[in-house]
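Here is a protein model to go through term by term. Each label is set against its cut-off.

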Amino acid sequence: MTDLNGPSEPVQPPTAPPAAYSAPAAPPPTGYTAPGAPASVPGRTLGIVAVVVAIFFNIIGVILGIIALVQSRRAGVKNRPAVAAIIVGAVLFVLGIILTIVLVAAGVSAVNSICSGQPSGVYQLQSGGTITCP
């Protein structure tokens, strides 16, 4: 037969841990970053800024791109925005120089065509400006 009054041996209530008990120490950091937190890459933000600046102010963008690339290389990481800034800035700078040469040549050609067959002197244009023919 079973005893309906409970177990025959007395049950001990749970005891609190001794006063000298301390929580286990946290494990040392492993260098792993959480998937939601991107790792900080030196020069990445400057590289992105350099791309934007390179579109409007070519030489400044190239200089910022070089600085960002140097920072990233020292850290041992790649920085594609910095490389893009250098390329975009250099290409747009060269295109700007070519466009300036073409526009100056077109202006000289226009002045020469206006002055062709005219004696030397200063002439009043219909648009209100003046032109000096050599």
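Q: What makes the crossing in which H1 passes H3 left-handed or right-handed?
A: H1 passes H3 in a left-handed crossing. A crossing is left-handed if the near helix is turned anticlockwise from the far one by less than a right angle, and right-handed if clockwise. This is a predicted model: local features need pLDDT of at least 70, side-chain atom pairs count only at pLDDT 80 or more, and totals for chains, interfaces and linings use all residues. Residues are numbered from 1 along each chain as its sequence is written, and side-chain values use heavy atoms, with hydrogens and water left out.

Q: What counts as a helix or strand, and how many helices and strands does the protein have?
A: Helices are DSSP runs of H or I with at least four residues, and strands are runs of E with at least two, numbered from the N terminus. The protein has 3 helices and 2 strands. Along the sequence the pattern reads α-α-α-β-β.

Q: Why are H1 and H3 called roughly parallel?
A: H1 spans residues 44-56 and packs with H3 at an angle of about 10 degrees, their axes 8 Å apart. Axes are lines fitted to C-alpha atoms, for helices over the stretch in contact, and angles run from 0 to 180 degrees between N-to-C directions. Angles under 35 degrees count as roughly parallel, over 145 as roughly antiparallel, 65 to 115 as roughly perpendicular and the rest as oblique. H1 and H3 are therefore roughly parallel.

Q: Which residues of H1 and H3 meet?
A: Contact means heavy atoms within 4.5 Å. On H1, the residues are Gly 47, Ile 48, Ala 50, Val 51, Ala 54 and Ile 55. They meet Pro 81, Ala 82, Ala 84, Ala 85, Val 88, Gly 89 and Leu 92 in H3. By class, this contact of H1 with H3 has 11 nonpolar, 2 polar and no charged residues. Ala, Val, Leu, Ile, Met, Phe, Trp, Tyr, Cys and Pro count as nonpolar, Asp, Glu, Lys and Arg as charged, and the others, Gly among them, as polar.

Q: What makes H2 roughly antiparallel to H3?
A: The axes of H2 and H3 come within 8 Å and cross at roughly 155 degrees. That makes H2 roughly antiparallel to H3. The contact includes Gly 61, Gly 65 and Ala 68 of H2 and Ala 82, Gly 89 and Phe 93 of H3. Its residues divide into 12 nonpolar, 4 polar and no charged. H2 passes H3 in a left-handed crossing.

Q: How do you know that H1 and H2 are roughly antiparallel?
A: Their axes come within 7 Å and cross at roughly 165 degrees. H1 and H2 are therefore roughly antiparallel to each other. The crossing of H1 and H2 is left-handed. Arg 44 and Val 53 are among the H1 residues here, and Gln 71 and Ser 72 among those of H2. The contact of H1 with H2 has 10 nonpolar, 6 polar and 1 charged.

Q: Which residues of H1 are called buried, and what covers them?
A: Buried means under 20% relative accessible area, exposed over 50%, partly exposed in between (1.4 Å probe, protein chains only). In H1, the buried residues are Gly 47, Ala 50, Val 53 and Ala 54. Their cover includes H2 and H3. Buried residues make up 15% of the 134 residues in the protein.

Q: Why is Ser 72 called buried?
A: Ser 72 has a relative accessible area of 0%, so it is buried. This residue is found in helix H2. Its side chain reaches the backbone oxygen of Pro 42 at 2.6 Å. A polar contact is a pair of N or O atoms within 3.5 Å; within protein, one must be able to donate a hydrogen and the other to accept it, and residues adjacent in sequence count only if both atoms are side-chain atoms. Not counting residues up to four places away in sequence, Ser 72 touches Val 41, Pro 42, Gly 43, Arg 44, Val 77 and Asn 79.

Q: What makes Asn 79 buried?
A: Asn 79 has a relative accessible area of 2%, so it is buried. Asn 79 lies in the loop between helix H2 (58-75) and helix H3 (80-115). Its side chain reaches the backbone oxygen of Gly 43 at 2.8 Å.

Q: Why is Val 111 called partly exposed?
A: Val 111 is partly exposed because its relative accessible area is 33%. Val 111 is found in helix H3.
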